[in-house]
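Keep the 3D view open while you read.

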Amino acid sequence: ILSIDASNNRVGIGTASPNQLLDVTGSGTIRSTWTGASSVGVGGNIQLVQDDGAAIQDTHQLGIVVFGASEDASNTIHFGGAISAIATELWSASQNGTKLQFQITADGETSRTDAMTIDQTGYVGIGTTSPDKPLHVFEKSAIASHNYTHYPLKIESKDSGGDFWNNQGAGIQFENTASSGAFISAEIVGETDGADGTKGELVFKTSTSSTPTERMRIDSSGD
């Protein structure tokens, strides 16, 4: 079905009553195909553009992709997730600062909240819309008692078999780069102490050459 609602300037595909400028209804997929020669910077694309005849302002939205579904048998649509692009400065021919915000809806809630932000410097914020480091993770749940710890970051590794390996670990690696090259300066690794998966140890390594060397180990007994 292709329908045109001339009175409201709407086009419907798969529906005779379009609710938006372009309303596509059905079980198929919308596809953009680039048929020209492949090269860097070309391919199928979707463009969302804000153009009201004036330069876009700081904090104004360029475009948004919203994800929704029916919440009842009456086809009541609710939108639970979204990705939006937002201007971070007054645009001109020489500056087009933009950030991306990712929104989700928590279980038991109906309103979307910001879950992740990629700001105009490329910094990533999880749980915060104002990251001040390349990766900024913020635990929103407030600490409400003494002797309580949040764990906003988890580093996990997986073995290739069904059991744990002795000294299997997950770690953090520190690398320094320059125009002359790069080298790994240090590592901190959390390892299994034994193969039963119940004891752990912490290993600290630093480099004097290309490979980090163990300098200190805190084993499962605290030694």
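Asn75 sits in the loop between strand E4 (61–70) and strand E5 (77–87). Strands here are DSSP runs of at least two residues, labelled E and numbered from the N terminus. This is a predicted model, where local features need pLDDT of at least 70 and side-chain atom pairs count only at pLDDT 80 or more, while totals for chains, interfaces and linings use all residues. Residues are numbered from 1 along each chain as its sequence is written, and side-chain values use heavy atoms, leaving out hydrogens and water.

Asn75 has a phi near 60°, a positive value in a residue that isn't glycine. Thr59 also isn't glycine, and its phi is positive too, near 80°. You'll find Thr59 in the loop between strand E3 (22–24) and E4. In the table, exposed means over 50% relative accessible area, buried means under 20%, and partly exposed is in between (1.4 Å probe, protein chains only).

| Residue | Relative accessible area | Class |
|---|---|---|
| Thr59 | 57% | exposed |
| Asn75 | 58% | exposed |
| Val24 | 41% | partly exposed |

Now for the sheet. Which order do its six strands follow? The order is E4-E5-E6-E7-E8-E9, in an open sheet with mixed pairing; two strands pair if DSSP finds at least two bridges between them. E4 and strand E9 (135–137) are the edge strands with a single partner each, so one side of each has no neighbour in the sheet. On average, neighbouring strands of this sheet are turned by 20° against each other, direction ignored; the axes behind that angle are lines fitted to C-alpha atoms.

Ile126 stands opposite Val137 of E9.

Elsewhere, strand E10 (residues 169–178) and strand E11 (residues 181–192) run antiparallel, with 10 bridges joining them. A hairpin takes the chain from E10 to E11 through two residues. Phe174 stands opposite Ala186 in E11.

Finally, back to Val24: together with Leu2, Ile13, Leu22 and Ile30, it makes a nonpolar surface patch of about 520 Å². Patch members have over 30% relative accessible area and no salt bridge, and nonpolar side chains (Val, Leu, Ile, Met, Phe, Trp, Tyr) are joined within 5 Å. A salt bridge is a side-chain nitrogen of Lys or Arg within 4 Å of a carboxyl oxygen of Asp or Glu. Accessible areas come from the Shrake-Rupley method with a 1.4 Å probe.

Terms used: Helix = DSSP H or I, 4+ residues; strand = E, 2+ residues; numbered from the N terminus. Axes fitted to C-alpha atoms, helices over the stretch in contact; angles between N-to-C directions. Patch = residues over 30% accessible without salt bridge, like charges linked within 9 Å, V, L, I, M, F, W, Y side chains within 5 Å.
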